[in-house]
Amino acid sequence: MSTFNNTTKHNLQNVCKYVRKTREFAETIPGSHVTFVSNNAYENTPESLGECFERNAEGMLKNMAIHELALLVSFYDVSIENIDSVVADKDFSSMQTLPGPSGKEFTDFDKIKFTIKTKTGKEVSVAADRCGGTDSYATVTDTNGEEVFRYWMPDEEDKATVQTLQAKYPTAMPYFFTQDPDYVTVKERVAKFTATGEEAEGLATIGIAVETLRVAEYLTPLLMEQLK
């Protein structure tokens with residue numbers, strides 16, 4: 001069930017507007033570099049993060065950042081066998097050991113940024129911040145490291161929908177609102193495949209979900225070691 005649920009969530013990222021727009025723009029810039037940025041809105045306190053660490057004890061890479069890793073597996077040839085190097089951004093990243101509500105201690109990243117290079121020559125970065133806010137985005141930098149493109153989720157077009165849903169469902173998690181259009185897209189493509197057999201373009205498979213979990217398990221100890 002966990003793998004099935006992760007596949008559904010991966011598909012939201014795979015089809016969402018900010019990912020598509022960023023990938024399309026990056027293709028127009030030779031030698032460009034893409035960074036996918038994921039944010040949560042936890043309070044930056046030991047109590048809030050400790051609760052987060054315990055409730056999501058599988059760890060950030062198998063929880064919050066798993067969807068960005070699925071993008072890397074889907075579109076950037078990332079697999080355990082094809083990873084050439086992984087480098088943590090130590091200036092951005094942070095790892096803490098905190099007690100959860102049960103009193104038991106948990107060690108995890110409260111924020112992490114890293115760059116993966118593959119053996120087939122691709123390079124891409126991921127950043128995730130538990131206390132970074134409610135919006136996610138992606139950037140494209142040129143060969144000089146200058147940012148030339150940034151696209152947010154939600155964009156201006158989707159913010160009106162977010163406000164409507166927030167008023168209608170005030171107790172729901174904020175990320176449900178920003179991802180609402182993507183849930184619709186995924187459901188439409190799956191339903192069309194079921195009804196007509198037409199390929200559900202861009203959707204992650206169970207195989208991609210399994211490989212993404214393998215990558216997360218591979219990266220976690222490597223990045224923790226780099227941040228010690």
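Me: Why does Thr35 count as buried?
Reply: Because Thr35 has 9% relative accessibility, and buried means under 20% relative accessible area (exposed is over 50%, partly exposed in between, with a 1.4 Å probe and protein chains only). This is a predicted model, in which local features need pLDDT of at least 70, side-chain atom pairs count only at pLDDT 80 or more, and totals for chains, interfaces and linings use all residues.

Me: Which residues does Thr35 touch, not counting residues up to four places away in sequence?
Reply: With contact meaning heavy atoms within 4.5 Å, Thr35 touches Lys113, Ser125, Val126, Tyr137, Ala138 and Thr139. Thr35 lies in strand S1, residues 33–39. Strands (E, at least two residues) and helices (H or I, at least four) are DSSP runs, numbered from the N terminus.

Me: What makes Phe36 buried?
Reply: Phe36 is also in S1, and its relative accessible area is 0%, so it counts as buried. Setting aside neighbours within four places in sequence, its contacts include Tyr18, Leu72, Val126 and Ala127. Ala127 is 91 residues away along the chain, yet the two C-alpha atoms are separated by 6.2 Å.

Me: Which residues touch the most other members of the largest nonpolar core?
Reply: Phe36 is one of them, and Leu61, Leu69, Ile112, Phe114, Leu219 and Leu223 are the others, in a core of 41 residues. Helix H8 (residues 206–227) gives the most to this core, eight residues. Such a core is a set of buried Ala, Val, Leu, Ile, Met, Phe, Trp, Tyr and Cys residues joined through side-chain atoms within 4.5 Å. There is also a second, separate core of six residues, Leu49, Cys52, Phe53 and Phe106 among them.

Me: What makes helix H4 largely enclosed by the rest of the structure?
Reply: H4 spans residues 66–75, and eight of its ten residues are buried, so the rest of the structure largely encloses it. Ile66, Glu68 and Val73 are among the buried ones.

Me: How do you know that S3 and S4 pair?
Reply: Two strands pair if DSSP finds at least two bridges between them, and S3 (residues 94–99) and S4 (residues 105–118) have six, in the antiparallel sense. Gln96 stands opposite Asp108 in S4. Five residues sit between the strands of this hairpin, where Gly103 has a positive phi near 95°.

Me: What makes Arg55 and Glu51 a salt bridge?
Reply: Their closest N and O atoms are 2.6 Å apart, and a salt bridge needs a side-chain nitrogen of Lys or Arg within 4 Å of a carboxyl oxygen of Asp or Glu. The two residues are four apart in helix H3 (residues 46–55), so about one helical turn separates them. Glu147 and Arg150 qualify as well, at 2.9 Å. Shared partners join Glu81, Glu211 and Arg214 into one network of salt bridges. The rule gives nine salt bridges.

Definitions and conventions
Residues numbered from 1 in each chain as written. Heavy atoms only, no water.
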